Amino acid sequence: MTATRKTRDVLIPAAASAPLPVADVILAASPVGFCLIDRQGRIGQVNAAFARVLSQPPDALPGASFSNFVLRDDVNLFSQALTALLENAAAPSSCEIRLTQSDNRASWAKVSLSALPGAPLWVAVQIQPVDETKRVLEALRKSEWRWKCALESAHQGVWDHDFQTNELFYSDHWKRLRGLPADQPVDGSLEAWIKNVHPADREHVLEHIRHQEEGDASFNLFQYRERHADGHWVWIESRGASIEWGSDGNPTRIIGTDTDITERKKAEARLEEISRRLRLALDVSKVGVFEANLDTDTVVRDDRLLRIYGLDPANPTPQETVFSERLHPDDRAQALARVEFGIASQEPFANAFRIVRPDGEVRYVQSRSVTFIDAEGARKLIGANWDITEDVLLRQELEQAMQLAEARNHELEAARTRIEYNALHDHLTGLPNRRYLEQQIDTWIAGEVAYCAILHIDLDRFKQINDTLGHLAGDAMLAHTAGKLSSIVGNCDFVARIGGDEFLILCDARHSREDVIALTDRIIDALRQPVPYDGHLCRFGASVGIAWAPDVAVDAKQMLMNADIALYRAKSLGRNRYEFFTKQLQTQIHHAKRTADDIIKGLEDGEFVPFYQPQFNARTLEIAGVETLARWMHPRNGLLAPDYFLKIAEDINALTIIDRHIAELALRHFADWEAQGLSIPRISVNVSSPRLREAGLIESLEQLRIPSGKLSFELLESIFLDDLDEAASRTLADLKALGIEIEIDDFGTGHASIIGLMKLNPSRLKIDRALIKPITESPEQRKLVGSIIDIGHSLNIDVVAEGVETRLHADMLRDLGCDILQGYAFARPMPKPELEAFIRARSWLPAEMPAERLRDLIKRDFKA
């Protein structure tokens with residue numbers, strides 16, 4: 001052991017020089033706590049300040065472990081600091097830890113450790129209490145956090161202009177209001193900023209700024225429009241206040257907030273439009289409005305109401321007595337009593353009475369009124385009056401006519417017959433209606449008639465005719481259909497229109513199955529013929545569902561449902577055809593129903609997930625992007641591809657939800673990849689036709705602030721190229737404006753034209769795998785694919801080949817000029833974690849195909 005000697009009852013290393021007496025005095029009197037500890041952390045010498053920090057008597061500390069006075073959670077921090085010093089004595093170490101005192105309270109202290117020259121076995125420890133500093137800093141942090149949260153939650157962008165220091169500050173939210181990244185510097189000069197202000201607002205904005213800068217007002221509030229980074233205008237409400245002034249009285253520092261009030265401005269515009277419509281409606285309908293203060297007995301009536309009462313709005317008259325003075329003497333008591341009762345009940349009420357105008361003319365008036373409490377607590381009655389004189393006179397005439405009709409029994413009987421007929425027949429086509437059909441079904445069930453089959457008919461493409469040529473054209477097509485059906489069916493068959501564009505035929509029991517088929521064929525053939533209407537040839541067709549039951553004992557109502565199921569099947573198989581109901585079909589329908597229920601539950605439980613298939617640059621084989629593919633993690637059936645659920649999801653209008661869900665997850669994953677530094681230039685997602693036409697699509701994408709060129713939408717060629725309606729074209733233009741690229745999927749399988757490609761102007765087109773697969777064996781197929789690539793390049797469109805299954809495919813496509821490759825030759829679709837591992841491993845880079853082999857294949861193509 002190292003020899004030691006005693007000095008004033010404090011252990012001092014024998015190897016160390018004895019401290020100077022003056023140093024001892026200074027150390028003892030120092031307000032900063034000092035102690036010496038050995039390499040194991042045992043306390044050797046302490047001064048009075050050190051003992052006071054620990055609330056311990058000085059003589060109780062030597063020999064004790066320093067860690068005994070450190071809060072358990074902070075012992076490791078102290079040990080690390082001591083270890084660091086012992087490993088490198090030339091570099092003092094420090095840490096902030098909590099020390100425990102005799103009453104078990106803990107207080108923060110900064111502990112500094114340093115080596116003693118000439119005394120390698122000892123370490124000097126200095127402690128400085130920082131508890132109060134910690135509390136002040138924490139309070140300051142919380143205060144700053146509260147203000148920041150308050151401003152953020154209030155959507156307030158903060159700005160601070162200090163003209164003395166030329167420091168201009170703009171908060172992150174101030175930048176977000178204008179579509180700027182948080183780290184983008186802002187040119188706060190008036191000359192640069194005013195260029196972004198709407199030209200119509202610049203004059204009054206500059207006037208407000210001038211008043212503020214000249215010290216005319218310490219507080220400034222104005223509204224204006226400023227151009228957003230993406231080009232649209234944003235309404236901003238700016239509030240500023242001068243907080244510092246110079247010796248000349250002019251402000252030297254102005255602080256304020258900006259608020260996006262675009263939605264408020266839109267609401268105000270909508271409110272003004274609604275008010276304008278209401279005014280127009282009141283003017284057109286000649287409805288007069290009044291408002292009475294029940295507490296002060298004051299009444300305000302508009303000009304329309306005064307004119308109803310025969311008064312000139314230009315000549316003011318006492319408003320309070322207009323109503324009572326103009327009431328017809330015979331109606332006054334009842335009308336006033338009705339008003340009193342309505343006010344007392346506090347329920348909306350109606351009134352009807354006669355008035356006598358100043359010129360003596362008697363008019364009939366109808367009114368509706370309701371009481372309410374206004375914002376200041378006053379009881380009020382508001383209501384509307386309208387002149388019903390013409391209606392009353394007309395009703396009186398009708399009553400007279402009714403009296404005459406009642407005197408004519410034969411006319412009444414005829415009217416009753418017509419009413420019954422109308423109740424059982426469709427007014428447009430003259431066919432029996434659903435009510436008549438139900439009666440006929442009841443007679444069938446009762447055995448009074450017999451049928452062998454039900455034909456449920458639904459017109460194809462009827463909605464397009466109705467939407468494009470108008471309801472009159474649609475009515476003409478329905479009447480035409482009714483005439484054709486009536487001429488085709490037999491006398492003992494029953495045909496009815498059961499609603500919309502649906503018809504139903506009950507076939508007489510004497511028909512054979514072959515007769516029913518022949519009848520159905522005649523119906524489909526007759527209804528597919530073009531129908532001339534107002535210079536147009538209207539073309540539509542019919543889908544027919546047949547429920548066949550030749551047995552006498554049948555469930556007629558079940559047959560109706562069976563025919564409906566068969567009709568659904570016919571429409572789903574391509575329309576303009578017929579299908580018989582079968583047990584297998586019923587099973588399929590039930591399966592579809594179960595699948596539809598599973599889809600809905602799967603969406604709720606998050607079972608739909610994105611898989612990703614990488615795409616590769618054909619020249620460098622570097623990652624060019626990834627395609628997002630929807631997969632269903634079914635709890636019973638495992639991983640399912642879209643072929644299993646896509647059609648049913650579309651039938652139940654769930655396709656849009658799936659598209660949106662997959663896209664949101666893909667964007668979230670893409671953000672993760674960028675944060676990880678993975679080299680994925682872009683992602684593409686498949687977009688269905690309903691998703692493209694979804695209301696609010698563009699607005700929701702704007703809120704995501706997707707960087708330009710990072711996302712592309714894949715659209716099916718067969719749906720979009722040559723059938724773009726105005727709404728879809730506008731949506732695609734908006735997507736491009738947001739920096740979202742458009743790709744054409746499965747190109748070559750549809751019927752798109754070059755004109756369609758030029759009109760859509762996509763960023764990329766994907767050649768369908770059915771065209772790619774044969775190119776290794778068929779020179780003709782290679783030439784076809786090469787032609788498609790040339791067409792794409794001539795239109796400045798990148799070409800993607802999907803279904804690249806072998807490296808031979810990849811090499812051929814590269815030399816044909818294809819830009820991007822996708823297929824099993826490189827990677828299969830995979831979930832996010834596997835994709836990340838795949839990209840990091842870079843295992844897709846193979847040995848290239850021999851150049852001689854590839855040149856031979858290309859030469860053979862050209863010779864062919």
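Here are legends for a few close-up views of a predicted model.

View 1. Strand β1 (residues 4–7) has the lowest confidence, with a mean of 37, while strand β33 (residues 820–822) has the highest, at 97. Take care with residues 1–20, where the pLDDT is below 50. That stretch still has 23 contacts in the model beyond near neighbours in sequence.

**View 2. A sheet of five strands.** Follow the strands across and you get β14-β13-β17-β16-β15, an open sheet with antiparallel pairing. What do you find at the edges? There stand β14 (298–301) and β15 (349–356); each has a single partner strand, so one side of each has no neighbour in the sheet. On average, neighbouring strands here are turned by 25 degrees against each other, ignoring direction.

**View 3. Zooming in on β13 and β14.** Strand β13 (residues 287–293) runs antiparallel to β14, and four bridges join the two. Which residue in β14 is the bridge partner of Phe290? Look for Arg301. In general, strands of a sheet pair through backbone hydrogen bonds, either parallel or antiparallel.

View 4. Helix α11 (residues 332–345) lies across β15, β16 (362–373) and β17 (379–387), and it runs at about 155 degrees to β15. Helix α12 (residues 389–406) lies across β16 and β17, at about 120 degrees to β16.

Notes: Residues numbered from 1 in each chain as written. Predicted model: local features only at pLDDT ≥ 70, side-chain atom pairs only at ≥ 80, totals over all residues. Heavy atoms only, no water. pLDDT = per-residue confidence, 0-100. Contact = heavy atoms within 4.5 Å. Pairing = 2+ DSSP bridges. Axes fitted to C-alpha atoms, helices over the stretch in contact; angles between N-to-C directions.
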